[in-house]
Structures are given as structure tokens and as C-alpha cells.
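Subject: Handing over the structure

Hello,

Here is the structure I promised to pass on to you. Please have a look at it first, and then read my notes below.

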Amino acid sequence: MLSEALMVSAPGKVILHGEHAVVHGKVALAVALNLRTFLRLQPHNGGKVGLNLPNIGIKQTWDVASLQRLDTSFLDSHGCSVLCILLSIKHLRGPQPSVCACVTEQGDVTVITPEQMEKLKEVAGVREDCADHTHLAVLAFLYLYLSICRKQRALPSLDIVVWSELPTGAGLGSSAAYSVCLAAALLTACEEIPNPLKDKEPVGRWTEEDLELINKWAFQGERVIHGSPSGVDNAVSTWGGALRYQQGKISSLKRPPALKILLTNTKIPRSTKTLVASVRSRLLKFPGIVAPLLTSIDAISVECERVLGEMAAAPGPEHYLVLEELIDMNQHHLNALGVGHASLDRLCQVARAHGLHSKLTGAGGGGCGITLLRPDLEGPEVEATKQELTRDGFDCWETSIGAPGVSVHSAASVDAAVRQALDGL
Ligand code: MEV
């Protein structure tokens, strides 16, 4: 077990195309945002485990002794132990089949079972019927702490504080960035992976192999929070940059163009889990109608990837016209899937009045939307759009995309504002 403090960060994400369709095996294109979640892990000898999440008002402490006395065999029964995951990664690289029964051929891990979830709720003191995001964040922490640290001779005493620049539950991957930070910090603290921070360097990044392990555990955390996510959010938060994601297969887009995007938070709260379930039930109810929509969204993602590839060589106005058309078509499809919202319609309407094109990003039902900002746009036009959206009660900000994935930082290299937020000042 490491003895020094660790500071880790991971980015949020924007899905350009493919949300919801990706849950059904289609392609998604996602990019890392320049908004990050920061986690500080402080090991100590106090016999306690503390979790402090100032953004959502969570501050909880557990006695290590009581966690140690827990019968954690439930983590083995149907789920995947750290050993299983390590073995699966090792064996996926070689020609041998996976040796772990709970790992599928793609190296995927099984969903946390309802029994495991109930047991975790008991440990966390969460009411049976309670499924709000604050409690789910605690459950994800306990799941990752107990699963990753139980290989140690004794469960470690530590304090974790997580603070995020990302709005929660807005479709920007805040829960994935949280799970990625937790997985990276706990695996490093338990010396399952090395700390990549070199002496006197401000930032360190893990090797590809270590990122794979971080991503697998983060996916487990996401499953506790979201039920059956596709895995795209944790993948983009782990690797950063711009990714194509399909059924767990991840490839980085080479030299993605520096697209400028206006991000709008409608501030309408919604649940990814519920929206994903609603698309699934619409697909079951109207397979002949909904399946072609998902196929068409897949084709939009593929076409967008092709255009972005062309733009890497020589971006031109014609490319932006295609990107705008793709945005419009996808937004209509997402509305037909039932994940639109009046606030998102309003965003599209305001954008269109200024000659711009928007779509929802993430699960929809409120949350955030993206608006493509062409390079030929004049500053005052963008300002006027932002002002109108702000008047409607939305938050909006211009973003740059393609930020680095999960990283470890020296304490001195982190912004004073982030340090203060983590200190609760
Ligand atoms: C959420 O950011 C994206 C969805 O496609 C769900 C998922 O991929 O797990 C709606």
C-alpha cells in the first residue's frame, strides 16, 4: 500500500453522435472535454475510510474494522474479483481463452447482481428503494474500494475527496469521470498498477495496459450507478482525446480537427438509467420502427468519422455543412427515440435562429446539448446566441475538446482553485 497522497483527475465527455444507439451495439463518437473531476486520496493509520463529495453534499466515514468484518464473499459470487479482471486482461493479450467464468469473450465483465447491490446498500446504510445519484455514488465507491483493496492483507485506512468541474447528471460523463478517478487512485494506492508520476514532473499517465485495467474497474463503477451502460463514457474519460467506440472496441481518431463547440446545460435533471431503459422498451414495442433509427444513427456516426478524417487533412466549409446536416438528422432521430425534451427543442430553435445547429448529447431528456461553432462565425453572433440561451435560464460555455485522459498530478501542479475546492475552502 502506498503511503503518500495521490492526486488524480479524469475528463468529462461529449458524445458527438451515437448516444443510445451505442447501448445496442452501434458506433459512437465521443470526445474528452476540458472539464475534469479531481480526486485526492490520503492514506493514513486512523482505522477509518472517509468519502467526501462536496459537489453533491456527501461526507461519510466507515470503520475499517467493520468493513473488514464484512463478509465480502458476495463480491466473488457472481461479480468479478480483482484477480479475475487481472487474469482476463493477461489472457486477452495472449492466445489463450479467458480463464475467468465471469468474463465474456470480449473481456467484458458481468453486471453487478441485484443481490450484490442489496448487500452494498446494507453496508452503505442506503434504504432499499433509494436509487438517487448521491447514494449510487457512495455504492460505487464502496464496491470499488472493497473489490480492489480486499487483496491487501488488511483493508487500508484512507480519505478520499472528489471534486468536479462537471455538472452532475447533465450528460457530460460526470459519473464516468468519478468512477475512472476512483479506479485509478485505488489501483495505484494498492500497488496493483504503478504510480506513473516521475520525480519533479507535474503530470503522469499510465501505460496502455494499466489504462485497460483502470477502464475495466471504472466500467464496474458505472454499472453500479447506471445499470447497463455501454462503456463509452468511462472509455473516453480513461483514454481522453477523441474515440470511436463500438461494443467495447475502442479506437482513437487520428488527428481530430479542433472543433469548437458551444455546450448548453438546460439544467433539466434526468436519469441516464431511466432514459436508456425507455429506449429499450420502445425498441421492444416497435422493433420495426426503432431498429432502423438505431441503424441510421450508426450510419451518421460512421459518416461523421469519415468527414472528421477528411478534415484532418484540409478542413473546408463544405465539411462543416455536412457536420451540421448530420447534427440535425441525429437530433430528429433522438426525438423519435423519445429522449428529447422541450428545453432541448428550445436550444435547437435559438441556435437555428442564429444559423447554428444543435443536438442533445448524452442521454437527453434535458441535460446538455452541443452546438457546432463554424470557424467563419463572427464573435458577436456567438455572443448573441449565448445571451439568448442564458436569458432562457440555460448555462452555456464554449469548450475545447480532445482533453487528455486520466492523469496523476503532483500536488503543486494542480490549480490553486482546485486545491481549495478539494480542501473545502
Ligand atoms: C450516456 O452518456 C450515453 C448513453 O448512450 C448511455 C451509454 O452509452 O451507456 C445514453
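The residues of the shell around the ligand comprise 7 nonpolar, 3 polar and 3 charged ones. Please keep in mind that this is a predicted model.

In total, 13 residues surround the ligand, and the closest are Lys13, His20, Pro229, Ser230 and Asp233. Three of these names come back when you look at the polar atoms. In the side chain of Ser230, an N or O atom is 2.5 Å from an oxygen atom of the ligand. For Lys13, an N or O atom of the side chain is 2.9 Å from a ligand oxygen. With His20 the backbone takes part: one of its polar backbone atoms is 2.9 Å from an oxygen atom of the ligand. Taken alone, the ligand exposes 300 Å², and the protein buries 96% of that.

Where does the ligand sit? The space it takes is the largest pocket. Two elements give two or more residues to the shell around the ligand, namely β1 (6-17) and α8 (232-239). On the scale of domains, the ligand lies between domain 1 (6-89 + 109-255 + 403-423) and domain 2 (259-401), because both give residues to its shell.

Away from the ligand, I also looked at the backbone. Most residues other than glycine have a negative phi. Glu191 has a positive phi, near 60 degrees, and belongs to the loop between α6 (174-189) and β6 (203-204). Arg255 also has a positive value, with phi near 40 degrees; you will find Arg255 in the loop between β8 (249-252) and β9 (260-265).

Enjoy exploring, and do write back with any questions.

Best wishes

Key
Residues are numbered from 1 along each chain as its sequence is written. This is a predicted model: local features need pLDDT of at least 70, side-chain atom pairs count only at pLDDT 80 or more; totals for chains, interfaces and linings use all residues. Side-chain values use heavy atoms; hydrogens and water are left out. A residue is near a molecule or strand if one of its heavy atoms lies within 4 Å of it. A polar contact is a pair of N or O atoms within 3.5 Å; within protein, one must be able to donate a hydrogen and the other to accept it, and residues adjacent in sequence count only if both atoms are side-chain atoms. Accessible areas come from the Shrake-Rupley method with a 1.4 Å probe; for residues, only the protein chains shown count as cover. On a 1 Å grid over the protein atoms alone, a cavity is a set of points where a 1.4 Å probe fits but cannot get out, and a pocket is an open set with protein on both sides within 12 Å along at least five of seven lines; lining residues have an atom within 4 Å of a point. A molecule sits in a cavity or pocket if more than half of its atoms lie within 2 Å of its grid points. Helices (H or I, at least four residues) and strands (E, at least two) are DSSP runs, numbered from the N terminus. Ala, Val, Leu, Ile, Met, Phe, Trp, Tyr, Cys and Pro count as nonpolar, Asp, Glu, Lys and Arg as charged, and the others, Gly among them, as polar. Domain bounds come from an automatic or database domain assignment.
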